[in-house]
Amino acid sequence: MNSLPLVAVAMSGGVDSSVAAALLLEQGYPLVGLMLRLWSEPGCEDNNRCCTPDAVAQARQVAAILGIPFYVIDSRDVFYSRIVGMFLEGHRVGITPNPCLACNQFIRWGFLLEYAKAMGASYLATGHYARLQKTSDGKIELLRGIDLEKDQSYVLSRLNQEQLSQTFLPLGNLEKKQVRAYASNIRLPVAERKDSQDLCFLGGANYRDFLKRHAPDLLQPGPILSSQGERLGTHEGLAFFTIGQRRGLGISSGKPLFVLEKDVSRNALIVGGGEELGRKELIAGQMNWISGMAPGKVFRGQVKIRYKARSVNATIFLIDHQKTRIKFDVALRDITPGQVAVIYNEDMVIGSGIIETSREAYI
Amino acid sequence: MMEQKKRIYLDYAASTPMDERVIQIMLPYFAQIFGNSSSVHFGGQAAEAAIEQARKTIAGLINADPEEIIFTSGGTESDNLAIKGVAFARRRDKGCNHLLISPVEHPAVLQSARQLSEVFGFEIEYLPVDSFGRVDPSEVAVRLRPDTALVSVIYGNNEIGTINDIASIGNLCRAKGIPFHTDAVQAAAHLPIDVVRESIDLLSIGSHKFYGPKGVGVLYVRKGIHILPMITGGAHENNLRAGTHNTPYIVGLAEAFRLTQTELAQRSACMTLIRDMLIKGVLEKVSGAHLTGHPSERLPNHASFVFEGVDGNTLLMMLDVAGFACSSGSACKSGTPKPSEVLLAIGLSPGLALGSLRVTLGVDTSEEDIQSFLGVLPSLVEKCRSLC
């Protein structure tokens, strides 16, 4: 008789989620493997990084080796309306959203978690490299994975206590090489997709082409201006540029020019030299405090402004529960509105927010 | 390993466990009587004798002659050979180009006809069906043409269980001299079949639907009906289906079919009772549930439903986690379900058609199994609805 609760494992066919499942099985949990069928651009279904037919076949094979049932769940509609919709909307208002974090927040720990619970599961497990720790007062803390090279706490930073309390992250205390060794020990396939920065639903296409196809209204030509307001050229639409971008501006100048800012009100792309690029401060909104509340009105921490960015020392000023001003000790070159700023205290995720603006520090 | 709770199998229309008696009778033909049935030597003769005995057994059970029985790799191959084999022969011999089929055929028939149409220029005409999926024989009569190559109407429907009036359709076709094929892959497991009384020219059977091995089937082809072989090679099966005989499987098929047909009456009576209890229970306990297919003119082991506001695949997964193996008309493991063509053909909306469930019983299904199924189904349907 098995008294442990049923756990749903989000399986990708890759080594990480496969080993996560194997570890839980070893601990005696009854499991079901689940994979989301996400939305892909029509015609590009086979290139969706998260759920190619190959990935499905691989996950199915792993489930068979482990002896657990496996199901593919159609989430194309909810993914399109929430995630692709948000991506297009964000670009309409001049920001660069992060669909992967939103997918975790609303699809994996939303739609999929609800689905798993309806199936009778009590927990959702994934192969992310991050740790969860229960405090004495019953709160769940989110910590970086032991393997700092692989740490994925950043992508989980939008989850709340309710979501985290129903989550297992079996790989958080392991290093990648241990995971690989474990997999080959129990004869699991250790194939892995290439780590890609591309968004899954682009199916290998360039995001600018994708925007042109799905939101042709974003083709809104406007001026390219220097930070002094001098007109240097014309851009085809703000959405097709990112902060810090150098190539593809279509203007010749004596020195390399970078995108400094997108001025939505004037539909103007502001460019300047590399020396103008750094910003020391940002405003972040829609704050998600992992514990449920901010640690103080003003506090020190380390902040990551992109998944692959380094953590940078900063002072965090609470504007209100939903908003913070983050002042970095050093200037950063690519603070991008729409991306997520994650605040750490050493290994622990304190909270995260959506970057609204960046500016020069004035304090 | 996974918790070993009792799993209840309710998908006998998809496949059945092999009858132990069938396994036993097959065993000598793997390593002892293993010769090639075409060989001159004594080992080959022994295999050939077993195959010919199997042929006789099967022929006797459906009132055919042994030389009218062709062994194939299963129901799908039988359907392919019937549809394509007759179509090509009738085009060659008589210039026929017209295929008359029902829209509720198994994909093995439907896709064979479509390939003939799309690649080889045949014309497909679909017979109308009523809301139960039945073909009215008079609708066949008015559509028969001098250039009709073949009529094909499914005997017992795999998705919705409805049984067609095969004898009436057969008689009409026979009167006009048009070859009539029926896919009896489901029906052969549950109904007595008499190819003479029912005027059937070609009939497909697959062994794993009646507790025999997978990968073996039969096509009955009445004497005088010409077909073009689809698999060419040696002179096996009267030059109509080349390839070394799969002796153990053929022997197993014959024994499974013999057992099924001799035990038919008692099996059917028992399953019909449980089936009707199941149908009644589902319609009473689950809101927004509708029976698909005919209420009485249906396969004795077959119950099928659609549920309003339910994704059928989600329901299947939940039933599976709860320990019940069922099926749906839109069975899909890839996460991109499409509504079943059969359910659309009987007039259901695509949304409703996606909410289908097929529950099919077998000789091992007990009343208690169905009671425990009815115990979980209503709440699972509600959970599915909450996810939509």
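This is a short tour of a predicted model, beginning with chain A as a whole and ending where chain A touches chain B.

**The whole of chain A.** Along the principal axes, its C-alpha atoms occupy a box of roughly 75 × 50 × 35 Å.

**The interior.** Keep chain A selected and turn to its packing. Of its 363 residues, 43% count as buried. Consider next the contacts in chain A between residues with a separation of 6 or more: 65% of these join residues 24 or more positions apart.

**The domains.** Colour three ranges of chain A separately. Residues 7-202 form domain 1, residues 219-276 form domain 2, and residues 279-359 form domain 3, according to the domain assignment. Now select domain 2 and domain 3 of chain A together; their centres, taken over C-alpha atoms, are 26 Å apart.

**The side facing chain B.** Display chain B as well. Here 18 residues of chain A are in contact with 17 residues of chain B. Which elements of chain A give two or more residues to this side? Select strand 2 (31-37), strand 3 (70-74) and helix 4 (99-118) of chain A to see them. Strand 3 of chain A gives the most, with four residues. Finally, colour this side of chain A by residue class: twelve residues are nonpolar, three are polar and three are charged.

Key:
Residues are numbered from 1 along each chain as its sequence is written. Chains are lettered from A and ligands numbered from 1 in the order in which they are written. This is a predicted model: local features need pLDDT of at least 70, side-chain atom pairs count only at pLDDT 80 or more; totals for chains, interfaces and linings use all residues. Domain bounds come from an automatic or database domain assignment. Two residues are in contact if their C-beta atoms, placed from the backbone, lie within 7 Å. Ala, Val, Leu, Ile, Met, Phe, Trp, Tyr, Cys and Pro count as nonpolar, Asp, Glu, Lys and Arg as charged, and the others, Gly among them, as polar. A residue is buried if 20 or more other C-beta atoms lie within 10 Å of its own, exposed if 12 or fewer, and partly exposed in between; C-beta atoms are placed from the backbone.
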